[in-house]
Amino acid sequence: MFQNFKDSRKMANSLKGIFSVYKEKGMTSVDVLRFLRLQIEDDLGLNTKMYGVRFGHGGILDQSSCGVLAVALGSKCKKLKWFYEGDKKYSAIGCLGVSTDTYDTSGNITGEKPFDIHCSGGFFVRSFIHDLGLALGSFAHMLELERTQHGPFTIKDALHQYQWSYAEVMEAITKADQMCKEYFIKKIR
């Protein structure tokens, strides 16, 4: 399939760039990198570790959460620092107390409401939900969390696990290169 590459070193050296993936619930950010590495190694028939190809992510997304995760390969891992403190958007469902039709626990639940959060690195949505519950004189905890944006990447840009082939990753890197340039130029201004 990749007959245009003359040797394994050339294939390994082609693995550099930034793109995004969609991390499913139940996986850690490190699991994502491990599965991605295994898929690419299987596609290319080479051991990327043997050639020093690095795989990195732009910030941990909790195992219980899903959503967009910036990923870098090779020398582009150095650029991941841009994503640690960069913009992120989340859609979360928090239990801020339950509204019922009887106004007590014997009634039927009449409503739950999600709420969209735009924040920078170091902001913990679960802590915000907890603190919000306390500020309301009640208690709260996070039920679900999905990252909808990580830097320039949104859900529509993210590769799902079934798309983590070498060919699709390389295509995503090409598309993401221009997105990253435009995004970070705007941030500098």
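Reply: Of the 38 residues in the largest nonpolar core, F19 and I40 touch the most other members. The elements giving two or more residues to this core are α1 (8–13), β1 (17–23), α2 (29–44), β3 (66–73) and α5, and α5 gives the most, with eight residues. This is a predicted model, in which local features need pLDDT of at least 70 and side-chain atom pairs count only at pLDDT 80 or more, while totals for chains, interfaces and linings use all residues. Residues are numbered from 1 along each chain as its sequence is written, and side-chain values use heavy atoms, with hydrogens and water left out.

Me: What makes a set of residues a nonpolar core?

Reply: A nonpolar core is a set of buried Ala, Val, Leu, Ile, Met, Phe, Trp, Tyr and Cys residues joined through side-chain atoms within 4.5 Å. Buried means under 20% relative accessible area, exposed over 50%, and partly exposed in between (1.4 Å probe, protein chains only). In soluble globular proteins, nonpolar side chains tend to be buried together.

Me: Which residues does F19 touch, leaving out those up to four places away in sequence?

Reply: Its contacts (heavy atoms within 4.5 Å) include L36, L69, F153, V169 and A176.

Me: How do you know that the length of α2 agrees with its number of residues?

Reply: Helices (H or I, at least four residues) and strands (E, at least two) are DSSP runs, numbered from the N terminus. The expected span of a helix is 1.5 Å times one less than its number of residues. For the 16 residues of α2 that should be 22 Å, and the end C-alpha atoms are 23 Å apart, so the two agree. After α2 comes G45, whose phi is positive, near 70°.

Me: Why is R37 said to have no salt bridge?

Reply: A salt bridge needs a side-chain nitrogen of Lys or Arg within 4 Å of a carboxyl oxygen of Asp or Glu. Lys and Arg count as positive and Asp and Glu as negative, with His and the chain ends not counted. For R37, the nearest side chain of opposite charge is E41, at 4.3 Å, and R37 is buried yet has no salt bridge. R37 lies in helix α2 and touches T48, K49, V53, R54 and F55, not counting residues up to four places away in sequence.

Me: What makes D62 and R126 a salt bridge?

Reply: Their closest N and O atoms are 2.3 Å apart. The pair links distant parts of the chain, 64 residues apart: D62 is in the loop between β2 (55–57) and β3, and R126 is in helix α4 (residues 125–135). At 26% relative accessibility D62 counts as partly exposed, and R126 does so at 39%. The structure holds five salt bridges.

Me: Why is K175 called exposed, and what does K175 pair with?

Reply: K175 has a relative accessible area of 54%, so it is exposed. K175 meets E171 in a salt bridge (3.3 Å, N to O), and E171, at 45%, counts as partly exposed. Both lie in helix α5, four residues apart, about one turn of the helix. An α-helix has 3.6 residues a turn, so residues three or four places apart point the same way.

Me: Why is the pair of F83 and F184 called edge-to-face?

Reply: Rings of Phe, Tyr and Trp (its six-membered ring) pair if their centres lie within 6.5 Å; planes under 30 degrees apart count as stacked, over 60 as edge-to-face and the rest as tilted. F83 and F184 are 5.5 Å centre to centre with 90° between the planes, which is edge-to-face. F83 lies in helix α3 (residues 81–84) and F184 in helix α5, so the pair ties together parts 101 residues apart in sequence. F83 and F184 are both buried. The rings of Y183 and F184, with centres 4.8 Å apart and planes at 85°, are therefore edge-to-face too.

Me: How do you know that Y183 is buried?

Reply: Y183 counts as buried because its relative accessibility is 13%. The place of Y183 is in helix α5 (residues 166–188), and Y183 touches D87, Q149, G151 and P152, not counting residues up to four places away in sequence. One aromatic cluster is formed by W82, F83, F153, Y183 and F184.
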